[in-house]
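Please keep the view open as you read.

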Amino acid sequence: MSHHPPFRPDSVRPGGTVTDQAVRATTGRSATTGRSATTDLEATLEGLLSVESFDPPAGFVRRRPVDADRAAAAADPQAFWAAAARELLTWDTPFTQVLDDTNPPFYTWFADGELNLSANCLDRHVEAGRGGRVAFHWRGEEGEHRDVTYADLLAETQRLANGLLSLGVRAGDVVGIFLPMIPEVAAAMLACARIGAVHNVVFGGFAPSAVRERMEVSDAKVLITVDGARRKGRRAPVKAAVDAELGDLPALEHIVVVRGPGENADEVPMTAGRDVWYDELLAAAGPVCPAVGLPAEHPLFILYSSGSTAKPKGILHTTAGYLLGATYTLRTVFDLDPATDVYWCSADVGWITGHSYIVYGPLSNGVTSVMFEGAPDYPDHDIWWRIVEEYKVTVFYTAPTAIRTCIKWGAQYPDRHDLSSLRVLGTVGEPINPKAWLWYHLVIGGGRCPIVDTWWQTETGSVLISPLAGVTPTKPGSATRPLPGISPALLSEDGRPVTEGTGILVITQPWPSMLRTLYKDDKRFVETYFSRFGPTTYVVGDAARLDADGYFWIIGRIDDVINVSGHRLSTAEVESAIVAHEAVAEAAVVAQADEQTGQAIVAFVTLAGERVGDAAVEAELREHVARRIGKLARPRRIVWADDLPKTRSGKIMRRLLRDVAEGRELGDVTTLRDPAVMSALAAKVAAAPDEE
């Protein structure tokens, strides 16, 4: 194993750029195995932290030029997107209209065209002779593995589509999907798209009560779930838990159940006439389900994202524009070559990253992907790197919080494996801190892999701001510049342009993959995204900084949403869960900066009556929140509060709670009804240890 030599301060210019040769000189990375050494790694990282900008690695050869795209998009954005749509997508009825912007913010794209998303992801590759190409190398957490080809996935998708039709599902009906990371989740999404059903995928880590809420508000007709799920060697009876929550939903007519490995079917509750096993549904279905052309603006999916109120927002995406965004950005940002690359996004399909960059973007491009059902530390902390080595992964896309966790475990785990196949690295979900960026660059990428730090949202459908692999000089922590055809800007509180400095991030022109509305709530759609600066300016909800080089730095949310490990959780949703506990009178939830997860949840809780806050009540509340929302929503810290900081009108001042949670000096408290509340809370915060 090679070792890092001591960091040489003359190899970089502090405050400037660092070349690929300088990085490689400091890493001592083995050219044959791609392994890093840990002897002087900390010194190397510390030395490079003063470097502001990194040139693209000299040895990286980009295969997809982008200069023409930038020029075309700058000259005529609509013509650019129209050309991309014709090149990248297969149309049943070609479009003649590109953008209809006559009724902002209700924009439509390619509205008179027709296509089928499932056919774009499957049929066209099989018809072109690529049916034998692996779509997913699937790995189970106990080492099981399956190679699912494009032909295999097409066959299963067609049978499932026919099965859904036999259950009465028709175009426009909502189908819920609550599955772990197994190939059936992709087949379920594609089967819905094939027949025009609208899928509503729920993250597998959510509690059944959260599933119920999302099925209820969307009027889901069918739910596809699994008999049991596993995590780190333990099993949970998913179907039984789902039954306990969803059994009385009037719109839900059928539940389709996938058999998980090792489950005992006799122990799984199945209701006659309502429930059906997934494999039996497929066996009874016909093998051919033609992909019928659907209008470009036909609804594709709803994805519920936490907002600043307790009610989740049902973000609605439509077919053609969304698919174009996912297809174009994946190949452009990552310089993807479907014929040679093996791509792995470590996210969950239950989030927008999984929709766009595990299922639709990769399959539309015809690339081979890895799908992993398991945790990054089971059976050991090196499982990700074992998989990278085994499948010769070339493009790896993960969250900064995962990288920080890997740093905590140590470089010895990736050092066990040959990571030399890696060509491009990506991050998603939150800004990446410089030290994590450098560790990722050196230890995982060996200093030779460009890192694309992507910024986008559930609402945007695809990446909007990001470096382009091998093209953009990168600044650790910055999403850098917008992609071709995207027009972000910063505005001041009163709407004036900010050319350098901090402001409110907005998008000033529509783009194809943008959300079309909030499901059954056009009014809330306008109020949430287009009310502040008018119907033609999309308000992202993030504050950002624009530097002298035109690089964007995302600072954080301007509303009350907490980003835990890349998962957006509404403070109101968590507060509602806490207050639902019988012992709680009032609660306020804020975010606290956390090295591992980006942000952690801190709950300030006032108990009812004579109840006293102790370890037992803390444990009850955490478990209560886990049951209602999911484990990721459990507060990291609970502070017992006799009272909360409130204005004279009764509004809780969460800004002050954030300050005290993070140990900052408190500002003006004279507007509070009782200013002494803050000093009492500050003392309690100091005495309340972090949990978990």
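Predicted model: local features only at pLDDT ≥ 70, side-chain atom pairs only at ≥ 80, totals over all residues.

How are two packed helices described? For helix H8 (residues 208-218) and helix H9 (residues 238-246), the axes come within 9 Å and cross at roughly 50°. The crossing of H8 over H9 is right-handed.

Helix H2 (residues 41-48) and helix H15 (residues 434-444) have axes that come within 10 Å and cross at roughly 125°. That angle makes H2 oblique to H15, and H2 passes H15 in a right-handed crossing. From H2, the contact draws on Leu-41, Glu-42, Thr-44, Leu-45, Glu-46 and Leu-48, while H15 brings Lys-435, Leu-438, Trp-439, Leu-442 and Val-443. By class, seven of the residues in this contact of H2 with H15 are nonpolar, one is polar and three are charged.

Here are the two pairs side by side.

| Helix pair | Axes come within | Crossing angle |
|---|---|---|
| H8 (residues 208-218) and H9 (residues 238-246) | 9 Å | roughly 50° |
| H2 (residues 41-48) and H15 (residues 434-444) | 10 Å | roughly 125° |

Now for the strands. In what order do the eight strands of the open sheet run? They follow E14-E13-E10-E8-E9-E16-E17-E25, with mixed pairing. Strand E14 (275-277) and strand E25 (517-518) are at the edges; each has a single partner strand, so one side of each lacks a neighbour in the sheet. Further in, strand E10 (residues 222-226) pairs with strand E13 (residues 254-258) in the parallel sense, over five bridges. To find this pairing on screen, look for Thr-225, whose bridge partner in E13 is Val-257.

One last stop comes from a record. An unreviewed UniProt entry places the annotation "domain: Acetyl-coenzyme A synthetase N-terminal" on residues 69-121. In the model, the end C-alpha atoms of residues 69-121 are 23 Å apart, and the span is 45% helix and 11% strand.

Terms used
Residues numbered from 1 in each chain as written. Heavy atoms only, no water. Pairing = 2+ DSSP bridges. Helix = DSSP H or I, 4+ residues; strand = E, 2+ residues; numbered from the N terminus. UniProt positions renumbered as here; feature names shortened; annotations may be inferred. Axes fitted to C-alpha atoms, helices over the stretch in contact; angles between N-to-C directions. Parallel < 35°, antiparallel > 145°, perpendicular 65-115°, else oblique. Left-handed = near helix turned anticlockwise from the far one by under 90°. Contact = heavy atoms within 4.5 Å. Nonpolar A, V, L, I, M, F, W, Y, C, P; charged D, E, K, R; others polar.
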